[in-house]
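These are my notebook entries on one protein chain.

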Amino acid sequence: MKLIREFKEFAVKGNMMDMAIGIIIGAAFNKVIDVLAKQVILPPLSLLTDGVNFGDKKLVLREAINSASGEIITSEVAIAYGKLSEVFLDFLIIGFTVFIIVKFMNRLRNKAHDAKDKTVVTPKDIQLLSDLKELMEEQNRMLKSNIRN
């Protein structure tokens, strides 16, 4: 029973839902990046390099040995550096995209937390803290003026 109660508390706090949403969006984002890299960016690169497909590039360490009937006796051993270049390109695209998204989100958050900016509705908690700060500053000014007198 304790385990079920702990799981219920975990799920109700929202951690599980936030994590599930993040995983679902991440999986969909991965598909978008995969298509962007393989179908949009790599074809022009391949065209610039005279039709070279980067995904097929490899360094063969040992050729495959086939029998006279065409059966593979010994399979090929190769380092597929072309796949590595594709994955690295995916990583760069994802990293840059996440950077741009985080930068945009930080800009929106900073704008929302600025109590003096009237173009964006300030959240209630930030507004209350801002009002409290102003009241404390006014109280400090009054106390300083009373001490001087």
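Entry 1: I noted that the model is predicted, so local features need pLDDT of at least 70 and side-chain atom pairs count only at pLDDT 80 or more, while totals for chains, interfaces and linings use all residues. I also noted that residues are numbered from 1 along each chain as its sequence is written, and that side-chain values use heavy atoms, with hydrogens and water left out.

How many salt bridges does the rule give? The count comes to one salt bridge. Lys 58 forms a salt bridge with Glu 76, and the closest N and O atoms are 2.8 Å apart. I then looked up where the partners sit: Lys 58 lies in the loop between helix H2 (15–48) and S1, and Glu 76 in the loop between strand S3 (72–74) and S4, so the pair ties together parts that are 18 residues apart in sequence.

**Entry 2: fold and elements.** I took helices (H or I, at least four residues) and strands (E, at least two) as DSSP runs, numbered from the N terminus. The chain has four helices and four strands, and from the N terminus on they run α-α-β-β-β-β-α-α.

**Entry 3: overall form.** I compared the radius of gyration, taken over C-alpha atoms, with a globule rule of 2.2 Å times the number of residues to the power 0.38. A compact globule of 149 residues would have a value near 15 Å, but the chain has 30 Å. Along its principal axes the C-alpha trace spans about 105 × 55 × 30 Å. Buried residues make up 11% of the 149 residues. With contact meaning heavy atoms within 4.5 Å, I found that residues 24 or more positions apart account for 34% of the contacts with a separation of 6 or more.

**Entry 4: nonpolar core.** A nonpolar core is a set of buried Ala, Val, Leu, Ile, Met, Phe, Trp, Tyr and Cys residues joined through side-chain atoms within 4.5 Å. Which residues form the largest one? The largest nonpolar core has five residues, namely Ile 33, Ala 37, Leu 42, Leu 89 and Ile 93. H2 and H3 are the elements that give two or more residues to this core, and H2 has the largest share, with three residues. Apart from neighbours within four places in sequence, Leu 89 is in contact with Ala 37, Ile 41 and Leu 42.

**Entry 5: nonpolar surface patch.** For patches I took residues with over 30% relative accessible area and no salt bridge, joining like charges within 9 Å and nonpolar side chains (Val, Leu, Ile, Met, Phe, Trp, Tyr) within 5 Å. Accessible areas come from the Shrake-Rupley method with a 1.4 Å probe, and for residues only the protein chains shown count as cover. Leu 59, Leu 61, Val 77, Ile 79, Tyr 81 and Leu 84 form a nonpolar patch on the surface, with about 580 Å² of accessible area together. Strand S1 (59–62), strand S4 (77–79) and helix H3 (81–113) each supply at least two of its residues.

Entry 6: Lys 31, in helix H2, is exposed at 61%; its C-alpha atom and that of Ser 85, 54 residues apart along the chain, are separated by 17 Å. Lys 111, in helix H3, is partly exposed at 40%.

Key. Salt bridge = Lys/Arg side-chain N within 4 Å of Asp/Glu carboxyl O. Buried < 20%, exposed > 50% of the residue type's maximum accessible area, 1.4 Å probe, protein only.
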